[in-house]
Amino acid sequence: MTKTHLLVLCGGKSAEHAISLISAWNLLKTISHESFDVTLIAIDKTGNWWLQDTARFLEQEAHPERISIPQRTSKVWVNPGPETDSFYLSDQGRFLPQVDVVFPLLHGPNGEDGSIQGLLKHLQIPYIGPSVLGASICMDKDVAKRLMLQANIPTSDFIALYKSAAHPDFQAVKEQLGLPLFVKPANLGSSVGINKVVDASSYHAALEEAFQFDEKIIIEAFVEGQEVECAVLGNDDCIVSEPGTYIHEDEFFDYDTKYLKGKEVGMQIPYAKLNAEQIEALKAISLQAYKALECKGLARVDTFVTPEGEFLVNEINTLPGFTQNSMYPLLMDAAGIPYNNLIKKLCALAISRFRPMDS
Ligand SMILES: Nc1ncnc2c1ncn2[C@@H]1O[C@H](COP(=O)(O)OP(=O)(O)O)[C@@H](O)[C@H]1O
Ligand SMILES: [Mg+2]
């Protein structure tokens, strides 16, 4: 059996650097080394690329806060051109052997936003996940919601604001969207810079904080309800999992709850409060959103279920976490696709949608 040479990129410049390292650590630990030759490149927080010894990377303990890039000896230089000489290892004076597929296991800005996908497109190597277009659409909460509205996919009411433009006063926003409100940077993730607003002073503080992270922010109507998540896998014909959810006490789902506590916070797969008909409707909306937002390969579609049983799609994550506690691989496992098969399918999907740039 020929092995697939899978290049995993992890780390990166985003706030989700550590999560990405844990996802890569989990992948190395779980993947079948009979089917895959895995090369691991870690991107540090300044953007430099370092080849990792996969065996030594695994020596890292499974304590998220302690995982960091262990080796910074073999710097990787990226060379756009034919796929055989894309990655040069300067200290070894050689190129990496030809890579079959890249898994950009990077979350948030600079990883999940189309930029790394653009680089991989120039390198002319198949890569897992959406194209430049799908990645950047899903990263921008304003554009994603506008496309959902256009496709009649229910999502909460919102307005987008640019830092450079005049901002509406609190009273006007309150009249339009009600209270409370959620203020978010348009292009971020992992709950960074997001605040719930209940009055004029928290409104001004929330705008100021969100604008520290992005030139564009969105203000959303508060949605009462449970956030549930469906995993989608596929390019054209897709598999949609049953919804899962986290049951938690926190005011809203922050970074720590989401990533570090994982199963401890009470993950529920499948979400127990929906009947079969509602589950089918939710899966259909998730798939509709996946298509409307140009997703390919995989994505996790996050949707609020209101007490009245209404669905409002919140967002799509095109490179969800792959840690041992991550919802996406666990949902797929529950759908009958265990981890190793999932990675195989993702590679096959990447290869099947690959088109050389100049063809
Ligand atoms: N409109 C809203 N109403 C109620 N809760 C919200 C709303 N928007 C976000 N939240 C809460 O904040 C969390 C983070 O917001 P989200 O839009 O998912 O951003 P991120 O990209 O950082 O995950 C959500 O998981 C949810 O718990
Ligand atoms: Mg989210």
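Modeller: Before we start, helices (H or I, at least four residues) and strands (E, at least two) are DSSP runs, numbered from the N terminus. This is a predicted model, where local features need pLDDT of at least 70, side-chain atom pairs count only at pLDDT 80 or more, and totals for chains, interfaces and linings use all residues. Residues are numbered from 1 along each chain as its sequence is written, while chains are lettered from A and ligands numbered from 1 in the order in which they are written.

Colleague: Thanks! How many residues does α7 have?

Modeller: Helix α7 spans residues 200–213, so 14 residues, and reaches 21 Å from its first C-alpha to its last. That is close to the 20 Å expected at 1.5 Å a residue (1.5 Å times one less than the number of residues).

Colleague: And which residues of α7 are buried?

Modeller: Tyr203, Ala206 and Ala210; buried means 20 or more other C-beta atoms within 10 Å of the residue's own, exposed 12 or fewer, and partly exposed in between, with C-beta atoms placed from the backbone.

Colleague: Switching topic, in what order do the strands β4, β5 and β6 come in their sheet?

Modeller: The order is β4-β5-β6, in an open antiparallel sheet; strands pair if DSSP finds at least two bridges between them. β4 (76–78) and β6 (94–95) stand at the edges with a single partner strand each, so one side of each lacks a neighbour in the sheet.

Colleague: Which residue is the bridge partner of valine 76?

Modeller: Leucine 89, in β5.
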